[in-house]
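Colleague: Before I use the labels on this model, I would like to hear what stands behind them.
Modeller: Then ask about them in turn.

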Amino acid sequence: MRVLAGAAKNRELNAHTRDVSYRGLYFLAESKFEIGSEIDFVITLPQQVTQSGDVNIRCQGKIVRVEPTNNGRIGIAAKIARYEFMPAAANAA
């Protein structure tokens, strides 16, 4: 998962998803986020899930919960407001 958030929209933050549904997700990151802030992120569904190739989904959402975890990362719950499937990149032959 790649996240672009608030003032950090000029750089990508790496994060790891824990739970995903069509309405929201919970992910772990090393950066803090503010409840109520808007985020843009891209989720990559791997080939093992899609049975074809990796699929990228671009999403826009809002942070609804922030909590510390035992491993030093921050747990973030976000509500998905909009999403779109990104076209697959053409493979060079």
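**Labels and their grounds**

Modeller: The model is predicted. Read from the N terminus, the elements of the protein chain follow the order β-β-β-β-β-α-β-β, which comes to one helix and seven strands.

Colleague: Why is phenylalanine 27 called buried?

Modeller: Buried means under 20% relative accessible area. Phenylalanine 27 has 0% relative accessibility, so phenylalanine 27 counts as buried.

Colleague: And what makes phenylalanine 33 buried or exposed?

Modeller: Its relative accessible area is 10%. That value is under the 20% cut-off, so phenylalanine 33 is buried as well.

Colleague: What makes phenylalanine 27 and phenylalanine 33 an aromatic pair, and why is the pair called edge-to-face?

Modeller: Ring centres have to lie within 6.5 Å, and planes over 60 degrees apart count as edge-to-face. For phenylalanine 27 and phenylalanine 33 the centres are 5.8 Å apart and the angle between the planes is 85 degrees.

Colleague: How many aromatic pairs does a search of the whole structure find?

Modeller: Two. The other joins tyrosine 83 and phenylalanine 85, with centres 6.2 Å apart and planes at 85 degrees, so this pair is edge-to-face too.

Colleague: Which residues touch the most other members of the largest nonpolar core?

Modeller: Val3, Leu25, Phe27, Phe33 and Phe41, in a core of 18 residues. Strands E4 (24–29), E5 (38–45), E6 (55–68) and E7 (74–85) each give two or more residues to this core. E7 gives the most, with four residues. In soluble globular proteins, nonpolar side chains tend to be buried together.

Colleague: Where is glutamine 47 placed, and why is it called partly exposed?

Modeller: Glutamine 47 lies in helix H1 (residues 47–50). Its relative accessible area of 46% falls between the 20% and 50% cut-offs, so partly exposed is the label. Leaving aside residues up to four places away in sequence, glutamine 47 touches Ser52, Gly53 and Asp54.

Colleague: And how much of the protein chain is buried?

Modeller: Buried residues are 29% of its 93 residues. The chain exposes about 6600 Å², of which carbon and sulfur atoms supply 48%.

Methods
Residues are numbered from 1 along each chain as its sequence is written. This is a predicted model: local features need pLDDT of at least 70, side-chain atom pairs count only at pLDDT 80 or more; totals for chains, interfaces and linings use all residues. Side-chain values use heavy atoms; hydrogens and water are left out. Buried means under 20% relative accessible area, exposed over 50%, partly exposed in between (1.4 Å probe, protein chains only). Accessible areas come from the Shrake-Rupley method with a 1.4 Å probe; for residues, only the protein chains shown count as cover. A nonpolar core is a set of buried Ala, Val, Leu, Ile, Met, Phe, Trp, Tyr and Cys residues joined through side-chain atoms within 4.5 Å. Contact means heavy atoms within 4.5 Å. Rings of Phe, Tyr and Trp (its six-membered ring) pair if their centres lie within 6.5 Å; planes under 30 degrees apart count as stacked, over 60 as edge-to-face and the rest as tilted.
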